[in-house]
Amino acid sequence: PIPGNTLWDATRLCANFAYRTLIYSGYTKDDIYYISPDNSVDLDNDGLANDVDADCTLDQLEYALTEWVDSADMLVIYLVDHGDITAFRMNETEILDTSVLAEWLNIVRPAVTGNILVVDDSCHSGSFLPGLAAMNYDPNITVITSAKSEESAYFLGTGTVSFSSIFWMEILNGLDVDGAYRFAETAVQEIYQLQNPQLDANSNGIPNESEDYASVSGMYLGMSGASSASRPVIGSVSVPATIEGTEQATIRATDIQSGEDIAQVWAIVRSPGNTSSSYNAPVLWLPTIPLDPIEPGIYEGIYSDFNIPGDYRFAIYARDVSGRVSAPIARTVTVSSPLRRRAILVAACTSDNIFWDVT
């Protein structure tokens with residue numbers, strides 16, 4: 001939480017949600033070492049703000065991996081913040097380098113009898129794969145990153161629509177790592193397209209091979225077997241296929257099936273001119289259109305910013321009152337000649353105004 005860090009609120013929300021997911025899945029407070037500068041939160045609802053164990057420093061992460069773990073059947077490491085090529089930002093002055101993390105993983109490896117899972121949600125997180133594979137050739141170390149080496153990470157909705165928040169929601173729903181990863185991968189690719197998650201489960205540095213998916217099939221981070229069938233399902237979405245001579249269109253979602261009441265339906269838009277932000281900056285915003293209920297089972301919204309020609313990508317989501325998010329439905333609107341409007345506004349002063357003589 002330093003001046004200018006626009007990612008902090010999303011970072012905190014994602015990490016807190018991961019903590020609550022693990023607690024709900026059967027982990028205890030003693031099973032989790034939470035490193036964060038925000039030590040005033042009560043995440044397990046016991047009335048005590050004692051869930052964060054230490055400030056976010058390299059020394060604390062080294063201690064957690066090389067001493068605190070001691071022994072375990074499985075180890076999960078979740079990193080969320082800013083990233084760069086082979087680097088993860090720990091705080092204002094410290095950077096975690098791939099080689100350092102690999103060294104600490106080699107130290108903790110003998111203490112863990114089963115799998116080690118690393119989940120990194122940050123810009124350019126895919127750049128960690130080759131370095132960790134080279135120094136940790138162990139098929140029981142799985143690395144999941146939210147983006148390729150050259151890509152930024154998206155944290156829309158203060159992190160609620162990000163790769164890792166969707167991943168943790170599916171873990172909370174009882175899916176294995178394979179199912180949670182595949183769902184989160186599809187969800188972010190449908191709209192963002194410029195963000196492609198990576199999974200390396202055989203330590204060869206090559207992500208998303210069939211062997212990688214097979215390796216994490218049946219890997220659960222706690223309770224297993226809960227069904228995700230109660231997740232909302234959008235029956236159909238209609239948008240115009242093409243736009244010409246206008247600047248707005250109606251988006252309609254119908255036949256939404258859900259085991260619980262629907263809390264929100266919305267669409268996220270990526271326009272032809274919207275590309276990734278600056279090289280190492282996360283993407284925190286894309287146009288979002290609420291779809292309001294107009295009659296039972298029918299939700300509508302209007303997008304009115306077709307101002308350049310090209311393909312506009314829409315992804316429509318639904319969320320129930322328990323926070324479960326549907327798989328996105330993607331649609332493309334091709335704009336050939338949008339309505340073009342121009343306006344010139346001039347606010348002038350009179351000759352006796354004090355600014356008249358300024359040149």
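Buried here means under 20% relative accessible area, exposed means over 50%, and partly exposed covers what lies in between (1.4 Å probe, protein chains only). The model is predicted, so local features need pLDDT of at least 70 and side-chain atom pairs count only at pLDDT 80 or more, while totals for chains, interfaces and linings use all residues. Numbering runs from 1 along each chain as its sequence is written, and side-chain values use heavy atoms, with hydrogens and water left out.

E244 sits in strand 11 (residues 242–244); strands (E, at least two residues) and helices (H or I, at least four) are DSSP runs numbered from the N terminus. Contact means heavy atoms within 4.5 Å, and, setting aside neighbours within four places in sequence, E244 has S336 and S337 as contacts. The C-alpha atom of E244 is also 8.8 Å from that of T334, 90 residues apart along the chain.

Helix 5 (residues 163–172) is another story: nine of its ten residues are buried, so the rest of the structure largely encloses it. Among the buried ones are F163, F167 and W168. After helix 5 comes G174, with a positive phi near 100 degrees.

Next, the cores. A nonpolar core is a set of buried Ala, Val, Leu, Ile, Met, Phe, Trp, Tyr and Cys residues joined through side-chain atoms within 4.5 Å. The largest has 49 residues, of which I144, F167, W168 and V177 touch the most other members. Helix 6 (residues 177–191) supplies this core's largest share, seven residues. Beyond four places in sequence, F167 contacts V119, I144, V177, A180, Y181 and A184. A second, separate core of 28 residues includes I35, A54, L105 and I141.
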